[in-house]
Amino acid sequence: MDRQTIDRYIQNYISEVERSIQDPIVNRDLGKIPLDEVKAFFLLLPMLNDEEWSFELNISAIAAGAIHAAFDMHDRVDILDATSKEQQLMVLSGDHFSGIHYRLLSSLPDFKLITSMSEMIGLINETKTNLLMEGSSGTETIIDSIICIESGCIVEFHKRFGFSTYSNIAETALGLIWFSKKLTNDPSIELIWARNRVKRIEIENAISVLTSRLQEQIAEASFLTPFLKQEILRFATPLLGRPI
(Lines give C-alpha, C1' and ligand atoms only; values in the text may rest on other atoms or scores of the structure.)
Protein backbone atom coordinates (compact mmCIF):
# COMPACT_ATOMS: atom_id res chain seq x y z
CA MET A 1 0.00 0.00 0.00
CA ASP A 2 1.37 3.41 -0.96
CA ARG A 3 0.75 6.88 0.47
CA GLN A 4 -1.78 7.80 -2.20
CA THR A 5 -3.85 4.71 -1.36
CA ILE A 6 -3.69 5.46 2.36
CA ASP A 7 -4.78 9.04 1.77
CA ARG A 8 -7.67 7.82 -0.39
CA TYR A 9 -8.87 5.43 2.34
CA ILE A 10 -8.69 8.21 4.93
CA GLN A 11 -10.54 10.71 2.74
CA ASN A 12 -13.23 8.14 1.88
CA TYR A 13 -13.70 7.44 5.58
CA ILE A 14 -13.88 11.14 6.41
CA SER A 15 -16.48 11.61 3.67
CA GLU A 16 -18.56 8.80 5.22
CA VAL A 17 -18.36 10.43 8.65
CA GLU A 18 -19.27 13.82 7.17
CA ARG A 19 -22.33 12.36 5.47
CA SER A 20 -23.42 10.67 8.71
CA ILE A 21 -23.26 13.89 10.77
CA GLN A 22 -24.34 16.34 8.07
CA ASP A 23 -26.94 18.86 9.21
CA PRO A 24 -28.11 21.84 7.09
CA ILE A 25 -28.33 24.25 10.03
CA VAL A 26 -24.87 23.35 11.31
CA ASN A 27 -23.41 23.69 7.82
CA ARG A 28 -25.10 27.06 7.33
CA ASP A 29 -24.17 28.64 10.66
CA LEU A 30 -20.86 26.96 11.53
CA GLY A 31 -19.55 25.84 8.16
CA LYS A 32 -17.97 22.52 7.34
CA ILE A 33 -16.80 20.65 10.43
CA PRO A 34 -13.08 19.76 10.11
CA LEU A 35 -12.45 16.11 10.96
CA ASP A 36 -9.18 14.86 12.37
CA GLU A 37 -7.25 12.98 9.67
CA VAL A 38 -4.64 11.80 12.17
CA LYS A 39 -7.20 10.14 14.43
CA ALA A 40 -8.77 8.64 11.29
CA PHE A 41 -5.41 7.15 10.32
CA PHE A 42 -4.88 5.47 13.70
CA LEU A 43 -8.47 4.27 13.88
CA LEU A 44 -8.12 2.69 10.42
CA LEU A 45 -4.61 1.36 11.04
CA PRO A 46 -5.71 -2.31 11.14
CA MET A 47 -7.47 -1.97 7.78
CA LEU A 48 -4.47 -0.15 6.28
CA ASN A 49 -2.40 -3.11 7.45
CA ASP A 50 -4.67 -5.47 5.48
CA GLU A 51 -6.74 -6.76 8.38
CA GLU A 52 -10.23 -7.99 7.45
CA TRP A 53 -12.70 -5.07 7.45
CA SER A 54 -16.42 -5.90 7.49
CA PHE A 55 -19.54 -3.77 7.07
CA GLU A 56 -20.07 -3.89 10.84
CA LEU A 57 -16.52 -2.70 11.42
CA ASN A 58 -16.97 0.18 9.00
CA ILE A 59 -20.21 1.38 10.61
CA SER A 60 -18.56 1.18 14.03
CA ALA A 61 -15.59 3.17 12.72
CA ILE A 62 -17.94 5.85 11.38
CA ALA A 63 -19.64 5.94 14.79
CA ALA A 64 -16.23 6.52 16.40
CA GLY A 65 -15.64 9.34 13.93
CA ALA A 66 -18.96 10.90 14.93
CA ILE A 67 -17.99 10.93 18.61
CA HIS A 68 -14.61 12.44 17.74
CA ALA A 69 -16.50 15.18 15.88
CA ALA A 70 -18.66 15.69 18.98
CA PHE A 71 -15.59 16.07 21.21
CA ASP A 72 -13.98 18.48 18.76
CA MET A 73 -17.12 20.60 18.54
CA HIS A 74 -17.51 20.79 22.31
CA ASP A 75 -13.83 21.75 22.57
CA ARG A 76 -14.57 24.82 20.45
CA VAL A 77 -16.95 26.13 23.10
CA ASP A 78 -15.64 28.87 25.38
CA ILE A 79 -16.44 27.41 28.80
CA LEU A 80 -16.28 30.87 30.38
CA ASP A 81 -18.70 32.45 27.90
CA ALA A 82 -20.99 30.02 26.10
CA THR A 83 -23.92 32.41 25.81
CA SER A 84 -23.72 33.54 22.18
CA LYS A 85 -25.86 31.93 19.51
CA GLU A 86 -22.78 30.44 17.83
CA GLN A 87 -21.48 28.98 21.08
CA GLN A 88 -24.86 27.48 21.95
CA LEU A 89 -25.10 26.00 18.46
CA MET A 90 -21.68 24.38 18.96
CA VAL A 91 -22.93 22.73 22.15
CA LEU A 92 -26.08 21.48 20.43
CA SER A 93 -24.11 20.30 17.39
CA GLY A 94 -21.74 18.31 19.59
CA ASP A 95 -24.73 16.72 21.33
CA HIS A 96 -26.25 15.96 17.90
CA PHE A 97 -23.05 14.25 16.70
CA SER A 98 -22.96 12.22 19.91
CA GLY A 99 -26.52 11.09 19.26
CA ILE A 100 -25.55 9.97 15.76
CA HIS A 101 -22.73 7.91 17.27
CA TYR A 102 -25.18 5.95 19.43
CA ARG A 103 -27.73 5.67 16.61
CA LEU A 104 -25.14 4.09 14.31
CA LEU A 105 -24.04 1.55 16.91
CA SER A 106 -27.68 0.76 17.77
CA SER A 107 -28.38 0.05 14.10
CA LEU A 108 -26.01 -2.93 14.11
CA PRO A 109 -26.81 -3.53 17.04
CA ASP A 110 -23.58 -3.82 19.04
CA PHE A 111 -24.55 -3.40 22.67
CA LYS A 112 -21.13 -4.46 23.93
CA LEU A 113 -19.47 -1.64 21.99
CA ILE A 114 -22.23 0.79 22.98
CA THR A 115 -21.52 0.03 26.64
CA SER A 116 -17.73 0.20 26.41
CA MET A 117 -17.81 3.39 24.32
CA SER A 118 -20.29 5.02 26.69
CA GLU A 119 -18.05 4.24 29.66
CA MET A 120 -14.99 5.56 27.80
CA ILE A 121 -16.79 8.77 26.78
CA GLY A 122 -17.65 9.34 30.43
CA LEU A 123 -14.03 8.70 31.46
CA ILE A 124 -12.70 11.06 28.78
CA ASN A 125 -15.03 13.84 29.91
CA GLU A 126 -14.11 13.29 33.55
CA THR A 127 -10.38 13.20 32.77
CA LYS A 128 -10.59 16.34 30.65
CA THR A 129 -12.52 18.22 33.34
CA ASN A 130 -10.08 17.20 36.07
CA LEU A 131 -7.09 18.24 33.98
CA LEU A 132 -8.62 21.58 33.08
CA MET A 133 -9.75 22.42 36.60
CA GLU A 134 -6.98 20.93 38.71
CA GLY A 135 -3.93 21.02 36.45
CA SER A 136 -1.33 18.27 36.26
CA SER A 137 0.53 16.44 39.00
CA GLY A 138 3.63 15.12 37.28
CA THR A 139 4.72 13.99 33.85
CA GLU A 140 3.43 10.42 33.99
CA THR A 141 0.02 11.53 35.27
CA ILE A 142 -0.49 14.05 32.50
CA ILE A 143 0.73 11.55 29.89
CA ASP A 144 -1.88 9.04 31.08
CA SER A 145 -4.58 11.72 31.06
CA ILE A 146 -3.82 12.97 27.55
CA ILE A 147 -3.54 9.44 26.16
CA CYS A 148 -6.99 8.69 27.58
CA ILE A 149 -8.48 11.86 26.08
CA GLU A 150 -6.86 11.55 22.67
CA SER A 151 -7.03 7.82 22.01
CA GLY A 152 -9.61 6.33 24.40
CA CYS A 153 -12.36 5.74 21.82
CA ILE A 154 -9.90 4.34 19.29
CA VAL A 155 -8.57 1.90 21.88
CA GLU A 156 -12.11 0.72 22.71
CA PHE A 157 -12.82 0.22 19.01
CA HIS A 158 -9.62 -1.79 18.56
CA LYS A 159 -10.37 -3.87 21.65
CA ARG A 160 -13.90 -4.73 20.51
CA PHE A 161 -12.75 -6.10 17.17
CA GLY A 162 -9.56 -7.89 18.21
CA PHE A 163 -7.09 -5.21 17.13
CA SER A 164 -5.53 -4.44 20.52
CA THR A 165 -2.03 -5.02 19.14
CA TYR A 166 -2.41 -1.64 17.40
CA SER A 167 -3.59 0.25 20.47
CA ASN A 168 -0.28 0.97 22.19
CA ILE A 169 1.13 2.62 19.08
CA ALA A 170 -2.06 4.67 18.61
CA GLU A 171 -1.96 5.78 22.26
CA THR A 172 1.68 6.82 22.16
CA ALA A 173 1.52 8.54 18.79
CA LEU A 174 -1.65 10.51 19.55
CA GLY A 175 -0.27 11.53 22.93
CA LEU A 176 2.97 12.67 21.30
CA ILE A 177 1.06 14.69 18.73
CA TRP A 178 -0.96 16.46 21.44
CA PHE A 179 2.11 17.43 23.47
CA SER A 180 3.88 18.63 20.33
CA LYS A 181 0.89 20.85 19.53
CA LYS A 182 0.75 22.11 23.11
CA LEU A 183 4.46 22.98 23.04
CA THR A 184 3.95 25.14 19.93
CA ASN A 185 0.62 26.64 21.08
CA ASP A 186 -1.17 25.11 18.12
CA PRO A 187 -4.51 26.93 17.66
CA SER A 188 -6.35 23.64 17.07
CA ILE A 189 -6.07 22.83 20.78
CA GLU A 190 -5.39 26.19 22.43
CA LEU A 191 -9.01 27.36 22.71
CA ILE A 192 -9.78 24.79 25.37
CA TRP A 193 -6.26 24.12 26.69
CA ALA A 194 -4.82 27.65 26.84
CA ARG A 195 -5.95 28.03 30.46
CA ASN A 196 -4.51 24.68 31.49
CA ARG A 197 -1.61 25.00 33.91
CA VAL A 198 0.66 22.35 32.38
CA LYS A 199 4.26 23.41 32.88
CA ARG A 200 6.52 23.65 29.88
CA ILE A 201 9.05 21.29 31.51
CA GLU A 202 6.30 18.66 31.87
CA ILE A 203 5.41 19.04 28.19
CA GLU A 204 9.04 18.65 27.15
CA ASN A 205 9.49 15.64 29.44
CA ALA A 206 6.34 14.04 28.04
CA ILE A 207 7.59 14.52 24.48
CA SER A 208 10.89 12.88 25.40
CA VAL A 209 9.17 9.93 27.10
CA LEU A 210 6.67 9.35 24.30
CA THR A 211 9.27 9.75 21.55
CA SER A 212 11.40 7.00 23.08
CA ARG A 213 8.32 4.86 23.72
CA LEU A 214 7.11 5.17 20.13
CA GLN A 215 10.57 4.34 18.81
CA GLU A 216 10.59 1.10 20.82
CA GLN A 217 7.03 0.19 19.86
CA ILE A 218 7.68 0.73 16.15
CA ALA A 219 10.86 -1.37 16.31
CA GLU A 220 8.97 -4.23 17.99
CA ALA A 221 5.87 -4.06 15.74
CA SER A 222 6.72 -6.97 13.46
CA PHE A 223 3.05 -7.15 12.40
CA LEU A 224 3.28 -3.77 10.63
CA THR A 225 4.59 -3.31 7.10
CA PRO A 226 7.75 -1.17 6.82
CA PHE A 227 5.83 1.46 4.88
CA LEU A 228 3.13 1.77 7.56
CA LYS A 229 5.85 2.23 10.16
CA GLN A 230 7.14 5.16 8.13
CA GLU A 231 3.64 6.58 7.83
CA ILE A 232 3.10 6.37 11.60
CA LEU A 233 6.26 8.41 12.11
CA ARG A 234 5.16 10.86 9.44
CA PHE A 235 1.88 11.47 11.26
CA ALA A 236 3.37 11.44 14.75
CA THR A 237 6.48 13.58 14.45
CA PRO A 238 6.14 16.43 11.91
CA LEU A 239 5.67 19.09 14.60
CA LEU A 240 8.93 18.16 16.30
CA GLY A 241 10.97 19.24 13.30
CA ARG A 242 13.09 16.10 13.37
CA PRO A 243 12.64 12.37 12.80
CA ILE A 244 12.66 9.91 15.65
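Predicted model: local features only at pLDDT ≥ 70, side-chain atom pairs only at ≥ 80, totals over all residues.

Author: Start with threonine 225, which counts as partly exposed because its relative accessibility is 34%. Buried means under 20% relative accessible area, exposed over 50%, and partly exposed in between (1.4 Å probe, protein chains only).

Reader: Where is threonine 225 placed?

Author: Helices (H or I, at least four residues) and strands (E, at least two) are DSSP runs, numbered from the N terminus. Threonine 225 sits in the loop between helix 11 and helix 12.

Reader: How is pLDDT read, and what is its mean for the chain?

Author: pLDDT is the predictor's confidence in each residue, from 0 to 100. The chain has a mean pLDDT of 84, and 80% of its residues reach 70 or more. Over residues 240–244 pLDDT stays under 50. For that stretch the model has 10 contacts beyond four places in sequence, where contact means heavy atoms within 4.5 Å.

Reader: How many helices and strands does the chain have?

Author: The chain has 12 helices and zero strands. Of its 244 residues, 52% are buried. As for contacts between residues at least 6 apart in sequence, 75% join residues at least 24 apart.

Reader: How do I read the packing of two helices, and at what angle do helix 8 and helix 9 pack?

Author: Axes are lines fitted to C-alpha atoms, for helices over the stretch in contact, and angles run from 0 to 180 degrees between N-to-C directions. Helix 8 (residues 139–160) packs with helix 9 (residues 167–183) at about 135 degrees, and their axes are 8 Å apart. That angle makes helix 8 oblique to helix 9. Angles under 35 degrees count as roughly parallel, over 145 as roughly antiparallel, 65 to 115 as roughly perpendicular and the rest as oblique.

Reader: Which residues meet where helix 8 contacts helix 9?

Author: Among them are Ile146, Glu150 and Ile154 in helix 8, and Leu174, Trp178 and Phe179 in helix 9. By class, this contact has 10 nonpolar, four polar and two charged residues. Ala, Val, Leu, Ile, Met, Phe, Trp, Tyr, Cys and Pro count as nonpolar, Asp, Glu, Lys and Arg as charged, and the others, Gly among them, as polar.

Reader: Is the crossing of helix 8 and helix 9 left-handed or right-handed?

Author: A crossing is left-handed if the near helix is turned anticlockwise from the far one by less than a right angle, and right-handed if clockwise. Helix 8 and helix 9 cross in the right-handed sense.

Reader: At what angle does helix 9 pack with helix 11?

Author: The angle between helix 9 and helix 11 is about 150 degrees, with axes 9 Å apart. These two helices are therefore roughly antiparallel, and their crossing is left-handed. The residues that meet include Leu176 and Phe179 in helix 9, and Ile207 and Leu210 in helix 11. The contact divides into 11 nonpolar, six polar and four charged residues.

Reader: And how do helix 11 and helix 12 cross?

Author: The axes of helix 11 (residues 200–220) and helix 12 (residues 226–236) come within 10 Å and cross at roughly 165 degrees. The two are therefore roughly antiparallel to each other, and the crossing is right-handed. Leu214, Ile218 and Ala219 in helix 11 meet Lys229, Ile232, Leu233 and Ala236 in helix 12. That contact holds six nonpolar, no polar and one charged residues.

Reader: What is the phi of aspartate 50?

Author: Most residues other than glycine have a negative phi. In aspartate 50 phi is positive, near 70 degrees. Aspartate 50 is in the loop between helix 4 (45–48) and helix 5, and counts as exposed at 63% relative accessibility. Asparagine 185 also has a positive phi, near 55 degrees. The place of asparagine 185 is the loop between helix 9 and helix 10 (187–193).

Reader: Is histidine 68 buried or exposed?

Author: Histidine 68 counts as buried, because its relative accessibility is 11%. This residue belongs to helix 5 (residues 55–75). Apart from neighbours within four places in sequence, histidine 68 is in contact with Lys39, Cys153 and Ile154.

How values were computed: Residues numbered from 1 in each chain as written. Heavy atoms only, no water.
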